[in-house]
Each structure stands twice: as structure tokens, then as C-alpha cells.
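Hello,

Here is the structure I promised to pass on to you.

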Amino acid sequence: YKEGGSIDEVAQIFITVLPESVAREIALYGEGRQLQSASCVERSMWPLRRALADIEDADPLDDDRVDASLQPFLKQFCRVCQAVIDGVLIELRLMGDDCIIMGSSVGMLTGTVRTAHTGQKFSLSWTFDADEESLFEAADFFSPETSPVQKLRWLLTLKHLHEFKGQWVEAAETLIICARTAADAIPHIKNIWKPSFYEEWKVRKHISIFSDDFLEPSSLRLNTEPHLGEMEGESTLLTPSISSFCNMITVVSRHAVKIYDKESGMVPLAYSRLQELLKIVMGVVEDYSAMSSVRNARRGFRANQEHYIQDMAALRKMSASVNELVTKLAERMHLIAGDDYTSTITSLANMFTESKISHPGAVYVRVILHGKKTRRFEESTTIPTFLDWANPYVCRVPGAAVEKALKFARGKGHEYQESLAHEVCKAFAEPLIVSLREEMEDRHIEFRSTMPSDNSLMEAAKLFLIVTPVTSRETTRQNGIQSKRFRVRTAENSGHSTEHVIDITVAKPFPCALSRQPSLVTTERIASGSFF
């Protein structure tokens, strides 16, 4: 820093190597046979978490070690560090029963265990964890221009988490961000900073073997340089190059299309995303060709000819691969446009979107928790909760829950729509209720689709889980699916002559790399009209 660096560069280095440091701390506890369960692993991180919390809460007026001008930066820095520590814990959880620390198996599944739709086992205690948010915050800290490898490292973990939960659209959206990150990094390939292993830690090889994989997971190398990922022996780090980033774009683009297909109605979104990626890629190829021509003219073409030919071949091959995917998706969209939608799909369109075109994967609900807090929401020593008490969140309903709702909905016309809306909310709320039952008796938990009265909220012994269907508004023209504005309608009286309308705006258009988002702006009004 004293030699001319910036505080941002110091933060980048610190947060890059933090996962390895956290993993090394866990390994040291494991070496002392102090890790018997997931709670032991979580406790091993407490000292570092407390130190970061002390820095974040430090007041420059009371502590002369804190520069007042750096306080905003330090708060953001500490938040990202906490997110990175969460990320290490999440990666250990995703290992499940295969989590081996210093030669000993550590069960990361605690308490009541359930099996997800994907067949993966998970603990009910994880249900309300802000795991997606932590991984996204860790990835968002890094820039494609200076540290794309670190950004990709956390994005791939986020994608793995979405697959674990069966959130296929979010997993595909994360892969698209990976592809765009790699494409944005190519013009800045010479300015990219990459970490290296700390040789002093290599002395204790059995510990470094465990911690090295958290600096740069092997899954990242398998997506970019397969030959390195398959090499046995000592760990190796990815060498950023145009060829490796082109491989990354090709691999994740193809994988994204396959994952989009796991939820119905997502072809338009996949086409839109790949079309945007293709524009970026074509711009990168053109810019690189122009810049390389100028450089070769200055330095002599023969010296750089072989390197230039290899890079251009990799870029054109990658561009052709993305273009092929876009063409195939366009053909599929043409075929789909010729088919008639079924009545059940039309019902979903009328209820959950103002668009005439329906997409079962674009079904959303508003979630609010009111009443008596459970212990999980009163204090958190590990990963925080994604729901803030009494604050509305908009959540995308997974495809599996929508399919379940379609099976149980009954009636015709208006009656069917009401039944389907209730079943969608019920299917989405089911895992949340099961998790709440771990800390509270079932008679103290009330599931509702409308807000309770003020008198009901005053009941000290009850917890209210309110899940309400919302209608997406102002979808984007490119794909007809994305939206970040939603509307909640509730009847004011039995005659349905007036409605209580709530408009909700979130930060990022859904679907995105997150399955839920808090409300940024909420407006309420009374309107005339019929419900549904």
C-alpha cells in the first residue's frame, strides 16, 4: 500500500485469500480432533467473525485506530468478509456426507434432515439461511476487469447451490453471469491479478492440501482448463488466458441452455440471454482483432503471429459455439409459437402476469413473517436469515412447487383460479412451515394468504406466515418473462367492488441469480374493479 497501491487493491487481495485462511483455520481445529459436527465447524469461525464485527461496529470517536474517512469502506469490507466466511461454510455443507476434514468425516447435516426434489439431503435449519445472498455478495465484490477468476469462483458455488435446491432457472442465470464475466475479462487479460499459494504454509502439507482447494476450487479449473483439473499431484492455479476464458464461455453457455430446459417455458429467456451474450462476444472478437492488428504493426507481425493466430482461433470458435446455441433456440421458439397453450397454462398467465403469454417458471409470491419470532430470527451466529421480520419479500416459486399446485387445484373458471392461487402459495410455504415447526409448536404457526388484523398480530404466542400470489408487471420486451415490478390485489369487501392494490418494486428483474429479493419500494392504493 505504501508503494503506491490503493485501499481497494489491499481489500481485493485480502478477500481473495480469505477462503484459504478460513479453511486453514478449520483444518487446524480438525487436526486437533475438535470437529465432531457442523456446529463445531461453525464455532471454529467465531473468533474471525467477532473480529470483523468489532471492526464494522467501531466508532472513530471512541477508537483512534479507525480512520473516520475509511469507516464506510470498512463497513462494506467487513460485510463482504462475513459473506466469504459464509461461502466457505456453504461449500462444506454442499459436500454433505462426503465432507472430509483432515482425514475425518464431519457430518454437516444436523437436526432434522429432509430430501429435496433433486434427491439431495439437507437440514431444515438451513431453510431460512441467506446462503444465496452471501455467495452473490462475495462474487459481486470482484470486478471482471481485474479479478474475474475470483468472481467466477463464487458464481460457480452459487450455481451449485441453486442446483442443490432444484432452482434450475437461477442456476442457469448464474452461468450466464459467468459467461459474461469471462467475456468482459478478455480485453483486460494483461491487467488481471491472480493469487498464488503461500509457500510458508506448504510446510504443513497435510493442512495445505485441504485449504488449497478453497483458494481456487478444482471445479473452476475443470470448466476452463480440463487438463489441469485432471492432473494428479500438487494443486495448481488457473492461468488466465484468452483460450481458458473462451473454454469457460463455451462450457457454461451449453450447460446453461440444458438447465433452462429443466423448467418449462424458459426458452424465450434462454434465447434472450444467449443473444445478449453473443453481442458481447462479437464485440470482444472485433475489438481484439483491431487492437492486435495495431500492436503487430508496431512490434513486428512475425514475433506475435503464432500467439495472435491461436487467440483468434479460440475466439472465433467460441463465438461460433454461442451463435449455434442462439440459432437452435430461435428454431425452438418458432416451433413453440405454433403450438397452442393449454387452459391450465392460460390460467397461470391470467393470475401471475399481465402478459398474454404464460410462463410457468415465472410465478411469484410475496412472503412476510409477522408475530412471535423464533430463536432463529432473534439471533444469528452463523449465516444470517434472508427474511427480515415484517418486511415483504418477492420470491420466485420453483417449478416443482408449481407442478404440485397444478395437480391439486380444483374447480372451474374463477373458482379454479382461486384454488390454483391457494395451492401455489401452499406448495411454496410448505418447506418454510416444516422448518418453523422445528422451533415452535404447530398450533402457534398460522399460514395465511392475506395480512392478519392488528388484533391478531398482537397475540404474543402466534407466528404468522403470509404467502400471497403477486402479478408481475411491465415485463421486458426482449423475452416477455423478466419483471421487477409486482402487484398484490386483495378484495376490500365481499362484493369485490373495490380492491386494495399494493405495488412492489425489487432491485433486479426476475428471473435472476437470486430466487428472492426484498421490496425496495412499496405503494398502496384503493382501486375499483374485480378481483383476479
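**What turned up**

The lining of the second largest pocket has 15 nonpolar, eight polar and twelve charged residues. Please keep in mind that this is a predicted model.

That pocket has a volume of about 960 Å³. Its lining counts 35 residues, and Arg79, Asp86, Ser134, Glu137 and Pro384 are the ones nearest the centre. Helix α4 (71–95) is among the elements that give at least two residues to the lining, as are α3 (46–57), α5 (131–141), β10 (498–510) and β11 (516–518). The largest share, seven residues, comes from α4.

The loop between β10 and β11 also holds proline 511.

Arginine 33, in the loop between α1 and α2 (38–44), has a positive phi of about 55°. Methionine 102 sits in the loop between β1 (100–101) and β2 (104–105), and its phi is positive too, near 55°. With a relative accessible area of 16%, methionine 102 counts as buried, because that value is under the 20% limit.

On the surface, Ile7, Val10 and Leu70 make up a nonpolar patch, and together they have about 190 Å² of accessible area. Valine 10 belongs to helix α1 (residues 7–31) and is partly exposed, at a relative accessible area of 37%.

Happy browsing, and best wishes

Definitions and conventions:
Residues are numbered from 1 along each chain as its sequence is written. This is a predicted model: local features need pLDDT of at least 70, side-chain atom pairs count only at pLDDT 80 or more; totals for chains, interfaces and linings use all residues. Side-chain values use heavy atoms; hydrogens and water are left out. On a 1 Å grid over the protein atoms alone, a cavity is a set of points where a 1.4 Å probe fits but cannot get out, and a pocket is an open set with protein on both sides within 12 Å along at least five of seven lines; lining residues have an atom within 4 Å of a point. Grid points are joined across faces, edges and corners, and a volume is the space filled by probe spheres set on the points. Helices (H or I, at least four residues) and strands (E, at least two) are DSSP runs, numbered from the N terminus. Ala, Val, Leu, Ile, Met, Phe, Trp, Tyr, Cys and Pro count as nonpolar, Asp, Glu, Lys and Arg as charged, and the others, Gly among them, as polar. Patches are made of residues with over 30% relative accessible area and no salt bridge: like charges are joined within 9 Å, nonpolar side chains (Val, Leu, Ile, Met, Phe, Trp, Tyr) within 5 Å. Accessible areas come from the Shrake-Rupley method with a 1.4 Å probe; for residues, only the protein chains shown count as cover. A salt bridge is a side-chain nitrogen of Lys or Arg within 4 Å of a carboxyl oxygen of Asp or Glu. Buried means under 20% relative accessible area, exposed over 50%, partly exposed in between (1.4 Å probe, protein chains only).
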